[in-house]
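Subject: Handover of a structure and its findings

Dear colleague,

Please find below the structure that I am handing over to you.

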Amino acid sequence: MRKPYALLLTLCWLLPGLAATPARAADNGSWSVHPVSSRVAARPYFPLFADPGQRIADKVVVANKTAEPRTFRLYAADAYNTARDGGFAVRSPGERMRGVGAWARPARSRITVPGHGTVTVPFTLRVPADAEPGDHPGALVAIEERIEPGAGAVALGVRRAVGARVYLRVSGPALPALAVERVRISHHQPLVPGLGDSTAVISYTLHNTGKVTLDPQVELGVRGLFGRTLLARDLTGLPAELLPGQRVRLTAPWRNAPQLDWGKVTLTAHATGTRQSASAAFLALPWLVVAVAAAVAAAGVTLLVRARRNRAHRPSVRAGPSRPSHPAPTEPHRTG
């Protein structure tokens with residue numbers, strides 16, 4: 001009986017070769033993709049600059065590091081930030097392309113690279129005349145045609161790919177802009193106050209609303225009742241490159257958060273040429289104490305209502321009949 005297969009596309013931009021900062025060629029250990037070396041030095045990625053309507057010609061190299069020949073499909077793709085951690089990722093072949101993926105065309109879409117050999121493929125990138133100024137990141141991707149089989153009742157087929165990054169900047173006015181959105185705070189407190197640690201998680205969205213790639217930094221500040229400073233620090237775990245138009249949802253832990261306080265969380269994001277802040281109020285309460293106090297208050301209200309009802313239904317004492325009053329005697333009227 002044949003096993004059903006599911007296809008999983010494993011790409012180098014989700015692996016260390018391309019997920020790291022762009023300081024080296026994309027490499028997954030079996031093959032690599034990189035720009036052809038210039039007369040000056042090797043290039044780990046494509047830094048391209050163009051005017052609207054301009055045509056650029058360049059070459060990409062696919063190197064096979066194994067002893068067996070490998071066949072690849074070569075295509076251009078747009079880049080984006082992953083929602084999970086903001087890592088650099090690119091679109092798959094079936095997705096709609098709007099930038100580099102639509103403008104770049106390799107001279108060959110299918111290549112076979114011999115063992116321990118290389119293949120150099122020219123490509124052209126035609127920038128539309130109405131292209132928006134600013135950054136248009138992407139990649140030239142070599143995806144292996146062979147599907148590696150998996151194991152188990154439902155085998156998981158894996159198709160691997162490696163992409164060389166393309167950083168295209170189209171000339172024209174393009175200002176940086178950064179926004180902080182949807183700031184939220186959730187508390188995790190011990191059931192009994194004082195018996196355990198109180199923590200909180202601050203979540204927020206970084207949104208590159210401009211047209212250039214940003215290297216964002218975020219400062220976290222928390223103030224409690226009467227303006228007391230509870231927390232002030234720079235956040236880590238931020239994307240090294242926040243691409244134009246991209247949103248990334250991030251979180252920041254807050255250890256030793258207060259169990260009883262009322263204040264405001266403020267996040268200030270900044271990058272070269274832009275700075276933006278957003279805030280959210282929070283209320284920290286020991287909910288067990290609140291529940292007990294609410295139960296006591298409810299019991300007191302119930303007793304008060306019952307007492308009033310009993311007083312209203314208690315029979316009143318009727319007063320007896322009053323004694324009749326006698327009129328005072330009058331003197332006889334004298335004439336004389």
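The notes below set out what was found, beginning with the basis of the values.

This is a predicted model, in which local features need pLDDT of at least 70 and side-chain atom pairs count only at pLDDT 80 or more, while totals for chains, interfaces and linings use all residues. Residues are numbered from 1 along each chain as its sequence is written, and side-chain values use heavy atoms, with hydrogens and water left out.

Overall fold

The protein chain has three helices and 19 strands (DSSP runs numbered from the N terminus: helices are H or I with at least four residues, strands E with at least two). Of its 336 residues, 39% count as buried (under 20% relative accessible area; exposed means over 50% and partly exposed in between, with a 1.4 Å probe and protein chains only). Among contacts (heavy atoms within 4.5 Å) between residues at least 6 apart in sequence, 70% join residues at least 24 apart.

Pockets

A pocket is an open set of points on a 1 Å grid over the protein atoms alone, where a 1.4 Å probe fits, with protein on both sides within 12 Å along at least five of seven lines; lining residues have an atom within 4 Å of a point. A volume is the space filled by probe spheres set on the points, which are joined across faces, edges and corners.

The largest pocket holds about 550 Å³ of space. Its lining comprises 25 residues, and Arg98, Gly99, Asp135, His136 and Pro244 lie nearest the centre. Strand 11 (134-144), strand 6 (70-81) and helix 2 (100-103) each supply at least two lining residues, with the largest share, four residues, coming from strand 11. By class, this lining has ten nonpolar, seven polar and eight charged residues (Ala, Val, Leu, Ile, Met, Phe, Trp, Tyr, Cys and Pro count as nonpolar, Asp, Glu, Lys and Arg as charged, and the others, Gly among them, as polar).

The second largest pocket has a volume of about 170 Å³. Among the residues that line it are Tyr45, Asp135, Tyr167 and Glu241. Strand 4 (46-50) and strand 12 (155-170) each contribute at least two residues to this lining, which has six nonpolar, one polar and three charged residues.

Aromatic rings

There are five aromatic pairs (rings of Phe, Tyr and Trp, the last by its six-membered ring, with centres within 6.5 Å; planes under 30 degrees apart are stacked, over 60 edge-to-face and the rest tilted). One of them joins Tyr45 and Tyr167 edge-to-face, at 5.2 Å centre to centre and 80 degrees between the planes. This pair links distant parts of the chain, 122 residues apart: Tyr45 is in the loop between strand 3 (31-35) and strand 4, and Tyr167 is in strand 12. Tyr45 is partly exposed, with a relative accessible area of 26%, whereas Tyr167 is buried, at 17%. Ring pairs link Tyr45, Phe88 and Tyr167 into a cluster.

Arg165 lies over the face of Phe88, 4.1 Å from the ring centre (a charge sits over a ring if NZ of Lys or CZ of Arg is within 6 Å of the ring centre and within 35 degrees of the ring normal).

Backbone

Phe226 has a positive phi of about 65 degrees although it is not a glycine. Phe226 lies in the loop between strand 15 (217-223) and strand 16 (229-234), and is exposed, with a relative accessible area of 79%.

Yours sincerely
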